[in-house]
Each structure stands twice: as C-alpha cells, then as structure tokens.
Amino acid sequence: QVQLVESGGGLVQAGGSLRLSCTASGHTFSRSYTGWFRQETGKEREFVAVISMDERTHYADSVKGRFTISRDDARNTVSLQMNSLKAEDAGTYYCATGREGIDSISRSRYTYSIWGQGTQVTVSS
C-alpha cells in the first residue's frame, strides 16, 4: 500500500522558519510529481508548491520567494522549507503525489491521487 507521511509541523513565531518533510512507502517520488497543500479550518484546501518528475517547481503566489520545495531521491523524501512565516501560513499541511509515470506541475488538488494525513503548522505573533 502507498502511504505518505508528513512531519516537521509545529509552532513557530511569525517571521520564523519551519521545514516540513514527506516520506513515502510503496511510492517513488522521482517517478511522479509531488505537491504541498494547506488547509485552515473552514477553508478550502489550497495549493502551496509542487515539484515535477524532472524537478520543475511551481509555487502559489502567496508563498513564492519564501517557500522552497525540494526532493531528495536518495531518501525518497520531498521537503518544504518555509521561511518568513506569516500568520496566514498557519494550517494543516498535506503532501500529495500523482501516480508513478505521470508528470505535472498542477495546482489542482484534484489531480493528486495519494495524500498524507497532514502536519499542523501554527504561527504565533
């Protein structure tokens, strides 16, 4: 079974940094595309960043220049480095990936087939 597990969430002060990681069992990130999404209570899940099979990246305008998505193929891990965090960055962060053999830099959550359980990010000020 394919499972994604996020880690690295926690409480951080506004202006601070946090690094999230996503690991996969039964799935190879380098054979597909992987994205990060976030969701606040009562709001729609929104796109944050994506890295494609060939390591192209795309970011939501709200995080561009502050967040960096990367992939470590040796560890089969996708990370999201978050800098200069703002209150509006708070929420539950999810990693998601497509089926192996498919590449994309899609912003749409509906194009991702496998999702993790999420890790919570809280920003204090």
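Trainee: Which charge lies over the face of Tyr-94?

Mentor: A charge sits over a ring if NZ of Lys or CZ of Arg is within 6 Å of the ring centre and within 35 degrees of the ring normal. Here Arg-45 lies over the face of Tyr-94, 3.7 Å from the ring centre. Arg-45 also lies over the face of Trp-115, at 4.9 Å. This is a predicted model, where local features need pLDDT of at least 70, side-chain atom pairs count only at pLDDT 80 or more, and totals for chains, interfaces and linings use all residues. Residues are numbered from 1 along each chain as its sequence is written, and side-chain values use heavy atoms, leaving out hydrogens and water.

Trainee: How many aromatic pairs are there?

Mentor: A pair of aromatic rings is described by the distance of the centres and the angle of the planes. Rings of Phe, Tyr and Trp (its six-membered ring) pair if their centres lie within 6.5 Å; planes under 30 degrees apart count as stacked, over 60 as edge-to-face and the rest as tilted. The count comes to 6 aromatic pairs. Phe-37 and Phe-47 have ring centres 5.8 Å apart and planes at 75 degrees, so they are edge-to-face.

Trainee: Is Tyr-112 buried or exposed?

Mentor: Buried means under 20% relative accessible area, exposed over 50%, partly exposed in between (1.4 Å probe, protein chains only). Tyr-112 is buried at 5%, while Trp-115, at 25%, counts as partly exposed.
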